[in-house]
Amino acid sequence: MRSLVLGLQFGDEGKGKITDFVSGKDSIMVRYNGGTNAGHTVVTSKGTFKFHLLPAGSLRSKTIVLGNGMVIDPEALIAEIKTVRPENPRLKILISSAANVVTKLHKAMDKAQEEMRGASKIGTTSHGIGPTYEEKYSRNGIRIGDLKDINVVKQKLSLISRMRESELRGTEYQSEEKLNQLANELAGFWPQIKDYVTRTESFLFDCVNSGEEMVFEGGHGTMLDIDFGSYPYVTSSNTISGAIHTGSGVSLRKISRIIGVIKSYTSRVGEGPFPTELSGTDADRLREAGAEYGTTTGRPRRVGWLDIPLVKYASELNDVDELSITKLDVLGTFKEISICKSYRPEVMNPMNVLMGYAMAEPQYIHMDSWGKLKESEIEHIVETGYKSVPPEMKNYIETVETLCGKPVRIISIGKIRESTIIKE
């Protein structure tokens, strides 16, 4: 089985838990886009693990691959590997030599760009992701494979500094001495990662041809896609299912199962339109109940009710086979639960609303809550399966299925890995 797990909202849907859940000890786990601006959390009996570069299935899989579509901060990567190694000593790690490198220079540019935007700021993580992709597409980027040659690194840093003079004005990265220091630092990472670096697409072709179990993990939610998301309040890479091909080399035709992950409500970090956003005490209550703070930034997330038009759009865009729904336990803290079933007036494409091209009001249906679940109730549901799910929760799940036109297969009702069931 070759599966893809991706988010259908603005990120933070719980992809990390679902990726970990569907992975196994013989899985090949592949990440194909983004960088440290992604944050995936997995909670096990051994503790809480937060991933930013490594796939969330790293705790159980036999091999992980960081594809060419990623932008990688080598310092952060090395630290993350050290965290995972004790939990999965046998883990094989492969890094594409064609993945681009995020440096401190790119982070300085990221902050400078956000300051220049002023009132039009995007709300980036300032982790240097956007500028790194910019250099990739302007063909000046530093690739992972370049780190073995300090002269190549120095040349590219000097070129970037000259070309980005206006953005870097007033920073230390216009100094040749500082650039040389940064080059030495980057080259110093090479001995620590060189054994992992290869042309990963060749390895992945072999895995596909030999029928290996593979799980591909998207780094961000669909609505943050650079082309199809709520531009300009998006990330700097393609986050949809088709990005597998350009980000890893593996054709989407080789994927047998596309799992679209949605949270039972909606959340968003940073700026941009949010039709179902809550405010006041309801927002505070949902944010606290769901611990809605960015894994990468720690920023409080904006929260609101589940937006079905948005999910349907994302489902069609990614051609998903099934849905996974997370954090149902969180919604139980409300006495009444709402779902946005449509917009009024009706719009052909919900992106018209998200992009501000059309004004529309969310139309809600209101449903009874199943109440806050006790730990013993969650354990019972896990042991006995979907038949033991409270009727109000079943009604919610089946309403989502009807409205979206897609089956819900994986249901998360708690933080830990085990608090997950399959709906046959």
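# Labels against their cut-offs

User: Where is Asp-284 found?
Analyst: Asp-284 lies in helix α10, residues 280-289. This is a predicted model: local features need pLDDT of at least 70, side-chain atom pairs count only at pLDDT 80 or more, and totals for chains, interfaces and linings use all residues.

User: What makes a segment a helix or a strand?
Analyst: A DSSP run decides: H or I over at least four residues is a helix, E over at least two is a strand, numbered from the N terminus.

User: Why does Asp-284 count as partly exposed?
Analyst: Its relative accessibility is 42%. Buried means under 20% relative accessible area and exposed over 50%, with partly exposed in between (1.4 Å probe, protein chains only). Asp-284 therefore falls in the middle class.

User: What makes the link from Asp-284 to Arg-287 a polar contact?
Analyst: Their side chains come to 3.1 Å. The rule is a pair of N or O atoms within 3.5 Å; within protein, one must be able to donate a hydrogen and the other to accept it, and residues adjacent in sequence count only if both atoms are side-chain atoms. The pair passes.

User: Why is Glu-13 called buried?
Analyst: Glu-13 has 0% relative accessibility, so it is under the buried limit. It sits in the loop between β1 (2-7) and α1 (15-22). Its side chain also reaches the backbone nitrogen of Leu-8 at 3.4 Å.

User: Which residues is Glu-13 in contact with, leaving aside neighbours within four places in sequence?
Analyst: They are Gly-7, Leu-8, Gly-221, Val-261, Ile-262, Lys-263 and Thr-326. Contact means heavy atoms within 4.5 Å.

User: Why is Gly-39 buried?
Analyst: Gly-39 has a relative accessible area of 18%, so the buried label applies. Its place is the loop between β2 (28-31) and β3 (40-44).

User: Which residues does the UniProt "binding site" list that runs from Asp-12 to Arg-299 share with the lining of the largest pocket?
Analyst: UniProt's unreviewed entry includes Glu-13 and Gly-39 among its positions. The set covers 288 residues of sequence and up to 34.2 Å between C-alpha atoms. From it, the pocket lining includes Asp-12, Lys-15, Asn-37, Ala-38, Gly-39, His-40, Thr-125, Thr-235 and Arg-299. UniProt positions follow the numbering used here, feature names are shortened, and annotations may be inferred rather than shown by experiment.

User: What makes a residue part of a pocket lining?
Analyst: It has an atom within 4 Å of a pocket point. On a 1 Å grid over the protein atoms alone, a pocket is an open set with protein on both sides within 12 Å along at least five of seven lines; a cavity is a set of points where a 1.4 Å probe fits but cannot get out.

User: Why does Ile-93 count as buried?
Analyst: Ile-93 has 4% relative accessibility, so it is under the limit. It belongs to strand β7 (residues 92-96). Beyond neighbours within four places in sequence, Ile-93 is in contact with Ile-64, Ile-81, Arg-85 and Tyr-196.

User: How does the reach of α15 compare with the span expected?
Analyst: Helix α15 (391-404) has 14 residues and reaches 20 Å from first C-alpha to last, close to the expected 20 Å. The expected span is 1.5 Å times one less than the number of residues. Gly-405 follows α15, with a positive phi near 75 degrees.

Definitions and conventions
Residues numbered from 1 in each chain as written. Heavy atoms only, no water.
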